[in-house]
Amino acid sequence: MISRFLTFIPNTEVLLEYIENLNSKRSNNFEYIRANNLKIKSEELEKALIDKGYRIDKTILNEVFKIEKAIDGNNSNANILPSIGSTLEYLKGYYYIQDLSSCLAVEELGINENNSSMVLDMAASPGGKTTFIAQKMNNNGNIIACEPNIKRIPSLIFNLSRCNVKNTTIFNINGENIDELGIKFDRILLDAPCSCEGIIAKDQTRKKSREYKDIEICSIKQKTLIKSAIKVLKPGGIMVYCTCSFAPEENEMIIDELLKSNQGSDVKIEPIRYGIDGLPEFKNKKFNTDIKNTKRLYPHIHNTNGFFIAKLRKINKCLN
Amino acid sequence: MFKLASDKEEAILKREFNKWSIFDIYKDLEIVIKIFKQKDPKYLEGKLDKVLIENNNLKNRNKDASKDKLKLMDNNCNIYLCSNKEQKEMAIKMQPLHTGIMIGQIKNKKFIPNLNFAEIIVKYNSTLNYPYVILENKGSNLVLYGRDIMGKSVLEFNNQIKENQIVIILNQKKEVIGIGRSRYNNKLIVQTDKITVDNIQDIGTHYLKYENKHNLKI
């Protein structure tokens, strides 16, 4: 599977070197956390964690910090510090361990706290992006969180409760059947189920645990999900499609096929601020020129998981 | 099934909000309740049979058992707090799996608060005129691992704590870390070398359980 990367990932050898380095320095590995502003201000959390002995760096998003144990000689307590997932602050829901790339996807939804939007999170568990959306809305408006797998719902409920998210309603429904709810949405986040190639730097088993067949299965599912999502998006509404996969079959090809379908005339691809432009072509197949507006994030370039984000707006034909 | 609180359930909730001195905020809250089906544990373990035999109710055994079971199903419910009226109406109309945050349960006509309810109390009642204990750091850490509270860990407490009463467990920063039940009243809460408050629910236990489950798989 890794050999495929040569055909579409820039500086592949640097990526492989990055993965090896990260693996050898496992103990000093960094994570990203997102301050939960429903419970604490970002600055207060930053101070509390620095006081405990963690090293905190700011990122391009105000709520998101890069965090690691400060093992630099100045901090003799580093080895006895709890893991970042078992501090009191974590249990209190003051932060969520979440990669910067995931937060950027939510950021692109363009949500503000004063509107009373109806937002859909199509594959919600375990609730990382749902809680960030709720935070952006300041617990106003409504979020519909869909999760088809009943076994994953307890972790979603736990995280919503831990983060004090009140504006979310959970349905045990497959995203493909979302129109059965009879609701139209202002914003939709489709973090599509994928082969998760993008987390290869953190989970090396991904090198061998996935086959091309898995990508094909995911791709079929993603095509259905994105079409179902567009159906329930209000005119003028925004949908963000994202995956934590490098595979063009799960990313650009899905968007390209949507644009070619009957629904293609209803949507346009809007530009995104962060990342490298989406691939213009793959396997000698040229994509729609608007695909360049989608973005890719790479571990060795952006210090995040491998990620793909596309921002789609449903055209309001009445206005045109 | 999600539904609006009945008059009886409202009365129970209002009484509870009043008890914790946060009655004023009740009218502004969007509350829905969800009836849940709970099988009587006594009935499941065969204990109900034993109880009925002891009560010489052999004759009406089957009739009473089914009646008791139904009574539990009717009276028990989870209480959910929604963000707005629209969300509340959606829950009643569309019957989702979950909505808002759960703040407690009504079981056998009694309200049983959970950690989210404790958070609401601490947020809206800054005067601390409710049953609480504040623990020193070591005691606070132990509570997060599910341990009960020794009297020597208690730095501060409410003077009106009675025996067998629900108390809110706070750390030195006055953050909610759990809910407990007092074993003693008033000053006896601080007696050394004795467990004086039982830990009912704490913010650590749920996560640690989950973490251990995950580790076992590896």
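## Basis of the model

The model is predicted, and local features are given where pLDDT is at least 70, side-chain atom pairs count only at pLDDT 80 or more, and totals for chains, interfaces and linings use all residues. Residues are numbered from 1 along each chain as its sequence is written, while chains are lettered from A and ligands numbered from 1 in the order in which they are written.

## Chain B in outline

Chain B holds 8 helices and 12 strands, where helices (H or I, at least four residues) and strands (E, at least two) are DSSP runs numbered from the N terminus. Of its 218 residues, 31% are buried, a residue being buried if 20 or more other C-beta atoms, placed from the backbone, lie within 10 Å of its own, exposed if 12 or fewer, and partly exposed in between. Among contacts in chain B between residues at least 6 apart in sequence, 62% join residues at least 24 apart; two residues are in contact if their C-beta atoms, placed from the backbone, lie within 7 Å.

## The sheet of chain B

An open sheet of 6 strands runs in the order S8-S12-S11-S10-S7-S9 in chain B, with mixed pairing; two strands pair if DSSP finds at least two bridges between them. Strand S8 (149-150) and strand S9 (154-157) of chain B stand at the edges with a single partner strand each, so one side of each has no neighbour in the sheet.

Strand S7 (residues 132-135) and strand S10 (residues 166-170) of chain B run parallel and are joined by 3 bridges, with B:Val133 opposite B:Ile169 in S10(B). S10(B) pairs with S11(B) in the antiparallel sense over 5 bridges, and here B:Ile168 stands opposite B:Ile179. These two strands form a hairpin with 5 residues between them, and B:Lys174 in the turn has a positive phi of about 60 degrees. S11(B) is also joined to S12(B) by 5 bridges in an antiparallel arrangement, where B:Arg181 has B:Asp198 as its bridge partner. Because 6 of the 7 residues of S11(B) are buried, this strand is largely enclosed by the rest of the structure.

Helix H6 (residues 115-124) of chain B lies across S10, strand S11 (176-182) and strand S12 (195-202), at about 105 degrees to S11(B). Helix H7 (residues 137-144) of chain B lies across S7, S8, S10, S11 and S12, at about 85 degrees to S11(B); such angles run from 0 to 180 degrees between N-to-C directions, with axes fitted to C-alpha atoms, for helices over the stretch in contact.

Not counting residues up to four places away in sequence, B:Val133 touches B:Ile149, B:Val154, B:Phe157, B:Val167, B:Ile169, B:Ile189 and B:Val197.

## A helix pair in chain A

Helix H4 (residues 100-107) and helix H5 (residues 128-136) of chain A pack at an angle of about 45 degrees, with their axes 10 Å apart. Residues making this contact include A:Cys103 and A:Val106 of H4(A) and A:Phe132 and A:Ile133 of H5(A).

## Contact between the chains

The contact takes 19 residues from chain A and 22 residues from chain B. On the side of chain A that touches chain B, the elements giving two or more residues are helix H3 (88-91), helix H6 (153-162) and strand S7 (168-171) of chain A, and H6(A) gives the most, with 5 residues.
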